[in-house]
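Please keep the sequence and the structure in view while reading.

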Amino acid sequence: ESEITPANFPALLYAAKAARWPYRSPAGPESLQVVVTPTTTVAGSPVTLTAVADDGRYDSNGWGSEPVQNVDAARYTVDAASWSAGAVTHTMKPADGALDAPVEAVQATVDTTGWAPGRHFIFVESRDSDGNWGVPGAVFLWIDAPEKVYLPMVMQAAD
């Protein structure tokens with residue numbers, strides 16, 4: 001367990017993320033290091049979402065070569081993957097201002113207005129310049145219930 005599990009867990013996780021399109025998703029950039037700051041907030045407060053899109057992680061172990069392209073887009077969805085019916089995608093922007101490299105840091109400000117209290121799942125996907133969407137990365141965001149405001153009782157004088 002101390003040797004085999006740590007050495008193989010990343011491959012198993014990647015296989016699970018690519019299971020929907022196992023021969024297509026690995027051609028696109030992997031979305032890594034997905035972070036939301038803060039991790040807990042109240043509805044209506046903006047949060048910052050960041051990730052790294054990396055198109056150079058594919059390795060064929062000598063069975064051909066996968067070309068590496070620049071990352072040309074990144075997006076996120078909330079509580080449903082982009083391929084789910086009714087999912088709404090939101091654009092992420094490059095942290096350095098230009099999508100011009102095979103590895104790009106991307107970011108977005110997420111508006112949580114109207115979100116229900118509880119745990120929300122944010123999926124991040126990125127695309128290379130050949131049009132290949134890669135496997136998603138994901139992170140949880142917790143929305144706390146708004147604090148209850150107690151107003152003092154006003155007593156009316158009896159007539």
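**A walk through the predicted model**

At 5% relative accessibility, glutamate 30 counts as buried, because buried means under 20% relative accessible area. The model in which this residue is seen is a predicted one. Glutamate 30 has a charged partner: lysine 17 forms a salt bridge with it, and the closest N and O atoms are 3.2 Å apart. Lysine 17 belongs to helix H1 (residues 4-18) and glutamate 30 to strand E1, so the pair ties together parts that are 13 residues apart in sequence.

With a relative accessible area of 23%, tyrosine 14 is partly exposed. Which residues does tyrosine 14 contact, leaving aside its neighbours within four places in sequence? They are Ser25, Pro26, Glu30 and Val135. As for valine 135, its C-alpha atom is separated from that of tyrosine 14 by 7.8 Å, although the two residues are 121 residues apart along the chain.

The next topic is the pairing of the strands. Strand E1 takes part in an open sheet of 4 strands, in the order E1-E3-E7-E6, with antiparallel pairing. Its edge strands are E1 and strand E6 (93-94), each of which pairs on one side only. E1 and E3 run antiparallel and are joined by 6 bridges. Within this pairing, serine 31 has alanine 53 in E3 as its bridge partner.

Other pairings involve strands E4, E8 and E9. Strand E4 (residues 71-78) and strand E8 (residues 118-128) run antiparallel, and 7 bridges join them. Here alanine 73 has arginine 127, in E8, as its bridge partner. E8 also pairs with strand E9 (residues 137-144), in the antiparallel sense and over 7 bridges. In this pairing, isoleucine 122 stands opposite valine 139 in E9. Strand E2 (residues 40-42) is joined to E9 by 3 bridges, and these two strands run parallel. Threonine 40 stands opposite tryptophan 142 in E9.

Side chains of opposite charge can pair when their charged atoms come close. How many salt bridges does the count come to? The count comes to 3. One of them joins the side chains of aspartate 72 and arginine 127, at 2.8 Å from N to O. Aspartate 72 lies in strand E4 and arginine 127 in strand E8, so this pair ties together parts that are 55 residues apart in sequence. Aspartate 72 is partly exposed, with a relative accessible area of 30%, and arginine 127 is partly exposed as well, with 26%. Another salt bridge is formed by glutamate 125 and arginine 75, whose closest N and O atoms are 3.0 Å apart. Glutamate 125 lies in strand E8 and arginine 75 in strand E4, so the pair ties together parts that are 50 residues apart in sequence. Are glutamate 125 and arginine 75 buried or exposed? Both are buried.

The discussion now turns to nonpolar side chains. In soluble globular proteins, nonpolar side chains tend to be buried together. The largest nonpolar core of this model has 17 residues, and those with the most contacts inside it are Val36, Leu49, Tyr76, Met92, Ile122, Val124 and Leu141. The elements that give two or more residues to this core are strand E1 (30-37), strand E3 (47-54), E4, strand E7 (103-110), E8 and E9. Valine 36 illustrates how such contacts reach along the chain: not counting residues up to four places away in sequence, it touches Val47, Thr48, Leu49, Ile122, Val139, Phe140 and Leu141.

Phenylalanine 140, found in strand E9, counts as partly exposed because its relative accessibility is 36%. Together with Phe121 and Trp142, Phe140 makes a nonpolar surface patch of about 280 Å².

Technical notes: Residues are numbered from 1 along each chain as its sequence is written. This is a predicted model: local features need pLDDT of at least 70, side-chain atom pairs count only at pLDDT 80 or more; totals for chains, interfaces and linings use all residues. Side-chain values use heavy atoms; hydrogens and water are left out. Two strands pair if DSSP finds at least two bridges between them. Patches are made of residues with over 30% relative accessible area and no salt bridge: like charges are joined within 9 Å, nonpolar side chains (Val, Leu, Ile, Met, Phe, Trp, Tyr) within 5 Å. Accessible areas come from the Shrake-Rupley method with a 1.4 Å probe; for residues, only the protein chains shown count as cover. A salt bridge is a side-chain nitrogen of Lys or Arg within 4 Å of a carboxyl oxygen of Asp or Glu. Buried means under 20% relative accessible area, exposed over 50%, partly exposed in between (1.4 Å probe, protein chains only). A nonpolar core is a set of buried Ala, Val, Leu, Ile, Met, Phe, Trp, Tyr and Cys residues joined through side-chain atoms within 4.5 Å. Contact means heavy atoms within 4.5 Å.
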